[in-house]
Amino acid sequence: MYILIIGCGNIGERHLQSVLKINSAKIFVIENNLVKFKELKKKYTSEKLKCFHSIKELYKLNINFNFAIIATNSYGRFNILKNAINLLKIKNIILEKVVFKNKKEYLKILNILHDLKIKIFVNLPIRTINFFKKIRLKKINNFEMKVDGVNWGLFSNSIHFLDLFFFLTKKIPYFNDENCVKKIFQSKRFGYHEGYGEILFETKCKKNLSLKCIRDKKKIYKLSINLKINKSNYKFYTNNGYDYFDFYKKNKLFTLPFQSNLTHLQIKSIMNKQYNILPNLKENYLLQKQIFDFLKKFKENLKNKDIKKIIIT
């Protein structure tokens with residue numbers, strides 16, 4: 001199995017640590033940061049791993065890749081994905097969220113993919129927790145979902161919960177109120193924005209989603225998911241960080257592993273044609289579009305006119 005990872009920073013390296021667990025894998029990494037490139041070559045000495053600086057270097061090798069994982073930030077991912085599709089032979093691609101920086105980039109890639117047989121997935125894995133899989137099998141008449149917490153990243157991480165909502169209900173939630181968002185600020189990642197407050201969504205059949213985030217410099221990350229399904233109520237909570245979730249329902253633990261213990265399992269599932277393990281690119285576009293629409297409306301109402309674009313990753 002031939003696996004390509006483009007971008008081997010924080011999350012990309014965790015993908016690498018996971019795919020190294022696949023015995024049959026021959027792994028190719030593209031990293032254009034020279035410091036990181038040298039660090040990778042020194043740290044990982046496995047014979048099944050090879051490092052490169054660019055897609056053009058790999059083009060000459062004429063390899064048929066089973067999987068490519070693109071773990072760059074959203075700003076440059078469009079051109080990277082476009083070049084990878086044009087120059088390399090790839091069957092399946094996993095993209096990190098936020099996939100692209102605007103709707104136009106989504107639509108251009110979806111148009112390019114129309115006549116190709118490449119399957120593209122987005123790495124939004126909360127739906128893989130077993131309890132959520134069981135809920136999805138139920139007949140749902142009334143549904144309400146509330147996400148509440150501290151410092152969980154309202155702009156950048158809302159897509160995780162829009163995807164979970166869609167996975168459970170099979171319905172697209174449309175944003176209907178941006179007036180509850182209190183503040184926009186510079187993300188810890190240079191050039192990107194984050195916000196806090198509340199965003200409300202609703203489906204055409206009146207299923208509701210509320211996303212609420214408080215910013216508190218003194219407190220660590222906290223998050224709860226409250227589900228009201230028909231006449232039953234479920235509450236999950238976590239406070240252990242962005243990289244993995246230990247969700248608790250009462251005293252029962254539902255764990256979503258570190259990415260370093262997850263990617264090889266995702267690849268195995270996709271190879272076994274379990275395609276709903278992750279959302280495909282078109283599904284992700286329909287959900288991310290709701291956040292882009294919200295951000296556009298939010299920017300129009302901003303008093304600070306110095307902010308020309310709101311870019312999230």
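**Notes on the model**

1. The chain has nine helices and 15 strands; helices (H or I, at least four residues) and strands (E, at least two) are DSSP runs, numbered from the N terminus. Its radius of gyration is 20 Å, close to the 20 Å that the globule rule gives for 313 residues, so the chain is as compact as a globular protein of that length. The radius is taken over C-alpha atoms, and the rule is 2.2 Å times the number of residues to the power 0.38. Along the principal axes, the C-alpha atoms fill a box of roughly 55 × 45 × 45 Å.

2. This is a predicted model, in which local features need pLDDT of at least 70 and side-chain atom pairs count only at pLDDT 80 or more, while totals for chains, interfaces and linings use all residues. Residues are numbered from 1 along each chain as its sequence is written, and side-chain values use heavy atoms, with hydrogens and water left out.

3. Of the 313 residues, 53% count as buried. Buried means under 20% relative accessible area, exposed over 50%, and partly exposed in between (1.4 Å probe, protein chains only).

4. A search of the whole structure finds nine salt bridges, each a side-chain nitrogen of Lys or Arg within 4 Å of a carboxyl oxygen of Asp or Glu. One of them joins Lys 36 to Glu 13, with the closest N and O atoms 2.7 Å apart. This pair links distant parts of the chain, 23 residues apart: Lys 36 is in helix α2 (residues 34-43) and Glu 13 in helix α1 (residues 10-19). Lys 36 counts as buried because its relative accessibility is 15%; for Glu 13, also buried, the value is 8%. A network of salt bridges links Glu 13, Lys 36, Glu 39 and Lys 43.

5. Asp 293 and Lys 103 form another salt bridge, their closest N and O atoms being 2.9 Å apart. Asp 293 lies in helix α9 and Lys 103 in helix α5 (residues 103-113), so the pair ties together parts that are 190 residues apart in sequence. Lys 103 is partly exposed, at 28% relative accessibility.

6. Glu 105 and Lys 101 meet through their side chains in a salt bridge (2.5 Å, N to O). Glu 105 is buried at 8% relative accessibility, whereas Lys 101 is partly exposed at 22%. Asn 79 belongs to helix α4 (residues 74-87).
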